[in-house]
Amino acid sequence: MNARDDKQDGLRAAVSSYCARVGADPLLVQGAGGNASWKNGDTMWVKASGTWLGEAQRADIFVPVDLAHLRAAIAAGDLDVVPRALAGSSLRPSIETLMHALMPQSVVLHLHAVEVLAHLVRADFAAPAPASAPWCWVDYHKPGAALAGAIAARLREQPEAQIVFLQNHGVVIGGADVGEVEAILASLLACMRTEPLAPVAPAGAEASTMATLTTIPDEGIQQLALDPRLYKRLRKEWALCPDHVVFLGAEAACYADADSFVAAQTIGADARLAFIAGVGVYAAKDFGAARTAQLRCYYDILVRQPSDAVLTTLSMPQLAELLDWDAERYRLAMAR
Ligand SMILES: [Zn+2]
């Protein structure tokens, strides 16, 4: 094994170890969200689509892609380019691969980190002036080619940026090595941290007819129905982040009380996730870990909002393109 291979193995081990640590913290990573990459000559190793960062040391989650090919496409303005997996890998590169190729640094980390997201969803977002590295801001765009195009345009203006804030989405951090990325993230989290609201006590009320739904065993998620401040936001400020909407839908099914919920079931309302004010949050039995992680992330963001914060939600056209609604469904939604 030559020196270059040694360096490559060392980088892989360092990135994997860091990803496993980051991926174990639900305030940093939710389910399969977030991704990481490192570059080695004309190859970029990037997290495969659908894999979990937390599994980085237990499973093969990185796929090598042709970086020269991606950079040539980017230079030609082709942001719809499909990354080429190398070495016959059967894994599919993350849909956010282009974001990693656009960053010039060796190691790139992209997270939907709660402490950062809590700021990124505010209408009056003001960067807390992280002194650790130069940063830039990118308005909300649909993840994929549209977002990559917006990041590319911003990086042409600010090529020195090592922190890219993505409105209503997350943050991208680039560094020369894992240590630098880790230091930047730590400083960001330190200056963006918000003290969460204190939880309210459960009211002790029980919804009587919940045959099809079961209570979600997460005290934070239950607060979305129990805390009137969060419930009010939930009704008006549901569509905050793209993953949240993709996993949990464009709107929340809210009920003023258990009787309203039961009445809605009798007229055939689709009940997979229900928020019953003062009672609790209920979901279908097959709701699953990925959706639960998204819902918990949503709670974690809301509980960090000052009472006067105005949040930016995804607009109806943004929801439509995110959920691939056809024109008819979009028109119906708009007419509501
Ligand atoms: Zn993302």
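## Cavities

A cavity is a set of grid points where a 1.4 Å probe fits but cannot get out. In this predicted model, there are 3 cavities of 30 Å³ or more. The largest cavity has a volume of about 110 Å³.

The lining of the largest cavity consists of 13 residues, and those nearest its centre are Leu117, Cys241, Asp243, Gln294 and Cys297. By class, the lining has 7 nonpolar, 5 polar and 1 charged residues. The largest cavity lies between domain 1 (3-192) and domain 2 (213-335), because both domains give residues to its lining.

## The second largest pocket

The second largest pocket holds about 440 Å³ of space. It is lined by 22 residues, of which Ala32, Ile95, Glu96, Asp243 and Phe247 are the closest to its centre. Helix α9 gives the most to the lining of this pocket, with 4 residues.

The lining of the second largest pocket divides into 9 nonpolar, 9 polar and 4 charged residues. At least three of its residues come from each of domain 1 (3-192) and domain 2 (213-335). Asp243 is among the residues nearest the centre of the largest cavity, and Asp243 is also among those closest to the centre of the second largest pocket.

## The zinc site

Which protein residues are the donors of the zinc ion? They are Glu96 (OE), His110 (NE2), His112 (NE2) and His169 (NE2), and they lie 2.1 to 2.3 Å from the ion. Along the chain, these donors follow the spacing E-x13-H-x1-H-x56-H. Two of them, His110 and His169, link distant parts of the chain, as they are 59 residues apart. His110 belongs to strand β4 (residues 107-111), whereas His169 is found in the loop between β6 (163-166) and β7 (170-175). Both His110 and His169 are buried.

The angles among the 4 donor atoms run from 87 to 155 degrees, and the site is irregular.

## Glu182 and Tyr18

Glu182 lies in helix α6 (residues 178-192). With a relative accessible area of 29%, Glu182 is partly exposed. Glu182 and Tyr18 are 164 residues apart in sequence, while their C-alpha atoms are 8.2 Å apart in space.

Methods
Residues numbered from 1 in each chain as written. Predicted model: local features only at pLDDT ≥ 70, side-chain atom pairs only at ≥ 80, totals over all residues. Heavy atoms only, no water. 1 Å grid on protein atoms, 1.4 Å probe; cavity = no way out; pocket = protein on both sides within 12 Å on 5 of 7 lines; lining within 4 Å. Points joined across faces, edges and corners; volume = space filled by probe spheres on them. Nonpolar A, V, L, I, M, F, W, Y, C, P; charged D, E, K, R; others polar. Domains from an automatic or database assignment. Donors = N, O, S within 2.8 Å, 3.2 Å for Na, K, Ca; no water. Tetrahedral: all angles 85-135°; square planar, octahedral: opposite > 155°, others 65-115°. Helix = DSSP H or I, 4+ residues; strand = E, 2+ residues; numbered from the N terminus. Buried < 20%, exposed > 50% of the residue type's maximum accessible area, 1.4 Å probe, protein only.
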